[in-house]
Amino acid sequence: MRYKTTKCYREDYLENIKKNKLFEFIKDEDTKDTLYLFFSYSYFMYTEEILINKGIDESLLELKIHTVIIYLGSIIEAVLYDFVYEKLKNNEKSRKKYLEIDELIKVQKIKETENLYISRLEKKIITLNDSINFNALINWAKDKSIINEEIINKINTFRKRRNSIHINVYKIWDFIKLDELEKSFIETKEILDYLEENI
């Protein structure tokens, strides 16, 4: 029964978020659908798990806020990747610097050895499925002055908070209070609006 209720809430939130057309400027349909799902889940957590349960155990509340912050950071990272990709796709020099990596491809195993291979070096364009370097994307946008400093600073704050997914970062993470979480939703919208207008 609880699963059905939660699923119903999730679908209601997803439908409402889609009505706001927050991610319609994203061209890749799978990415767009995932962004809607992540944002609706974040908003669901905020309204159904955090606001309603403000009086719950402080540690549990902190973990729920932490979860939402990580999701918002992931959303911003994905949209920033899309933004940078669109800006770089026709600029070969910048694309190589920020979106290409060298990857060793095994061609043939050398007989009677355990870990030796004949390999070749290939260029690979980093995609959302790879390990994106959020900081490199921010630095590229900063270097090229295509995002204003205020938005860059907001994005960088989300990058630092998103990194709190790592235990060592979380251990020194400053607890984000409810009013700061509300501000994070507002800033997420400001960042998304800016990127959409300038893509």
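Because the model is predicted, local features need pLDDT of at least 70 and side-chain atom pairs count only at pLDDT 80 or more, while totals for chains, interfaces and linings use all residues. Residues are numbered from 1 along each chain as its sequence is written, and side-chain values use heavy atoms, with hydrogens and water left out.

**The chain as a whole**

The secondary structure comes to eight helices and two strands, where helices (H or I, at least four residues) and strands (E, at least two) are DSSP runs, numbered from the N terminus. Along the sequence these elements follow the pattern α-α-α-α-β-β-α-α-α-α. Of the 199 residues of the chain, 39% count as buried, and here buried means under 20% relative accessible area, exposed means over 50%, and partly exposed lies in between (1.4 Å probe, protein chains only). A contact means heavy atoms within 4.5 Å, and among the contacts in the chain with a separation of 6 or more, residues 24 or more positions apart account for 63%.

**Helix 8 and what covers it**

Helix 8 covers residues 178-198, and its 21 residues reach 31 Å from the first C-alpha to the last, which is close to the 30 Å expected at 1.5 Å a residue. That expected span is 1.5 Å times one less than the number of residues in the helix. Several residues of helix 8 are buried, including Leu181, Phe185, Ile191, Leu192, Tyr194 and Leu195. What covers the buried residues of helix 8 includes helix 2 (29-51), helix 3 (58-88) and helix 6 (149-162).

The C-alpha atoms of Val84 and Leu195 are separated by 9.7 Å, although the two residues are 111 residues apart along the chain. Leaving aside neighbours within four places in sequence, Val84 is in contact with Leu137 and Trp140.

**Helix 5 against helix 6**

Two packed helices are described by the angle between their axes and the distance between the axes. The axes of helix 5 (residues 134-143) and helix 6 come within 10 Å and cross at roughly 170°. That makes helix 5 roughly antiparallel to helix 6, since angles under 35 degrees count as roughly parallel, over 145 as roughly antiparallel, 65 to 115 as roughly perpendicular and the rest as oblique. The axes are lines fitted to C-alpha atoms, for helices over the stretch in contact, and the angles run from 0 to 180 degrees between N-to-C directions. Where the two helices meet, Phe134, Asn135, Ile138, Ala141 and Lys142 belong to helix 5, and Ile152, Ile155, Asn156, Arg159 and Arg162 belong to helix 6.

**Salt bridges**

Side chains of opposite charge can pair when their charged atoms come close. A salt bridge is a side-chain nitrogen of Lys or Arg within 4 Å of a carboxyl oxygen of Asp or Glu, and a search of the whole structure finds ten of them. The table lists some of these pairs.

| Salt bridge | N to O distance |
|---|---|
| Glu29 and Lys32 | 3.2 Å |
| Glu150 and Lys154 | 3.3 Å |
| Glu190 and Lys154 | 2.4 Å |

Glu190 lies in helix 8 and Lys154 in helix 6, so this pair ties together parts that are 36 residues apart in sequence. Glu190 counts as partly exposed at 33% relative accessibility, whereas Lys154 is buried, with a relative accessible area of 14%. Glu150 is exposed, with a relative accessible area of 51%, and because Glu150 and Lys154 are four residues apart in helix 6, they are separated by about one helical turn.

In helix 2, Glu29 and Lys32 are three residues apart, so they too are separated by about one helical turn. Glu29 counts as partly exposed at 46% relative accessibility, whereas Lys32 is buried, with a relative accessible area of 8%. Glu29 and Lys32 are also linked with Glu24 in a network of salt bridges.

Thr47 is found in helix 2 and is buried, with a relative accessible area of 15%. The side chain of Thr47 makes a polar contact with the side chain of Tyr13 (2.5 Å). A polar contact is a pair of N or O atoms within 3.5 Å; within protein, one must be able to donate a hydrogen and the other to accept it, and residues adjacent in sequence count only if both atoms are side-chain atoms. Leaving aside neighbours within four places in sequence, Thr47 is in contact with Tyr13 and Ile52.
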